[in-house]
Amino acid sequence: MDTLWLFVKAFVVGGLICDVGQLLIMRTKLTNARILVLFVVSGVLLTALGLYKPLVDFAGAGATVPLTGFGYSLAMGAIEAVNRYGFWGAFVGGISRTAAGITAAIVFGLVNALVFKPHAKP
Amino acid sequence: MSRQPFTPDRYRELVASHTPPSRQLRGYLRAFWVGGTICVLGQALTLWAEKLNLGEITAPMFTTSALIFLGTTLTGIGVYDRIGKYAGAGSAIPVTGFANSVAAPAIEFQREGAVMGVGARLFTLAGPVLAYGIASSVLVGIAYWLARGWVL
């Protein structure tokens, strides 16, 4: 039952965050690239203001899987690294905490581009 | 009939005024259920990571890397773009969409070569996301460092 509740929370919160993106696509002239940048930076700022962590605690992957969650990891990394290393932590923490994801995207993206041929646009 | 210049803004207004509300609702529903489902998959991976006794630091790495692997592979076999056409932001906003934004242009521009084609195009969309994301995290870190110095 608890597990089911975890999934429901992740589904609803994750779905709602995506609908914010859908709203931006349908109602504004923002390009996809700008929307992605906006989401990551919003995640960083909301985390800095202490507003995003409660959402992560509540919804788990529903809050960490959308790109705002990438911003959350960047900001939490920077803050935790400042606690550990002082000033230079601000330059270390963001990438450290997100290194696995960034590296996975680059390596898997690279391998895919070397293995697969381009597809016709659907 | 006014002879307003036909700007992108005016085009958008025209499209919006001719789009039935039901189609907009459909867009939100699709984004909601596809985005929500990807997050549920992430939650399942997180629970699996806990079962494998991965620590607090490594469990999110496992989840994120697995989703990114899924995103790039579905892009490689040409499936993710189809999902994107159906789901809009529902597939663009989750981290699998970030993976797609890395792999898709790299695959598309293969013919420009392994270095300036594949190598550079990996960052067509990821570049701006990483640049602004990382820069803002540095600002937050410095602000936090300053605030901490102030209080202590």
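Hi everyone, here is a short tour of a few spots in this structure.

This is a predicted model, where local features need pLDDT of at least 70 and side-chain atom pairs count only at pLDDT 80 or more, while totals for chains, interfaces and linings use all residues. Residues are numbered from 1 along each chain as its sequence is written, and chains are lettered from A and ligands numbered from 1 in the order in which they are written.

Let's start with chain A. Helix α1 (residues 2–27) and helix α3 (residues 52–59) of chain A pack at about 140°, their axes 8 Å apart. Helices here are DSSP runs of H or I with at least four residues, numbered from the N terminus; axes are lines fitted to C-alpha atoms over the stretch in contact, and angles run from 0 to 180 degrees between N-to-C directions.

Which residues of α1(A) and α3(A) make the contact? From α1(A) come Lys9(A), Ala10(A) and Val13(A), and from α3(A) come Leu55(A), Phe58(A) and Ala59(A). Contact means C-beta atoms, placed from the backbone, within 7 Å.

Now over to chain B. Ala87(B) sits in helix α4 (residues 80–87) of that chain. Is Ala87(B) buried or exposed? Ala87(B) is buried, because 26 C-beta neighbours lie inside 10 Å; the cut-off is 20 or more other C-beta atoms within 10 Å, again placed from the backbone. Leaving out residues up to four places away in sequence, Ala87(B) touches Arg30(B), Ala31(B) and Val34(B). Gly35(B) is 52 residues from Ala87(B) along the chain, yet their C-alpha atoms are separated by 7.9 Å.

Methods
Helix = DSSP H or I, 4+ residues; strand = E, 2+ residues; numbered from the N terminus. Buried ≥ 20, exposed ≤ 12 C-beta atoms within 10 Å, placed from the backbone. Contact = placed C-beta atoms within 7 Å.
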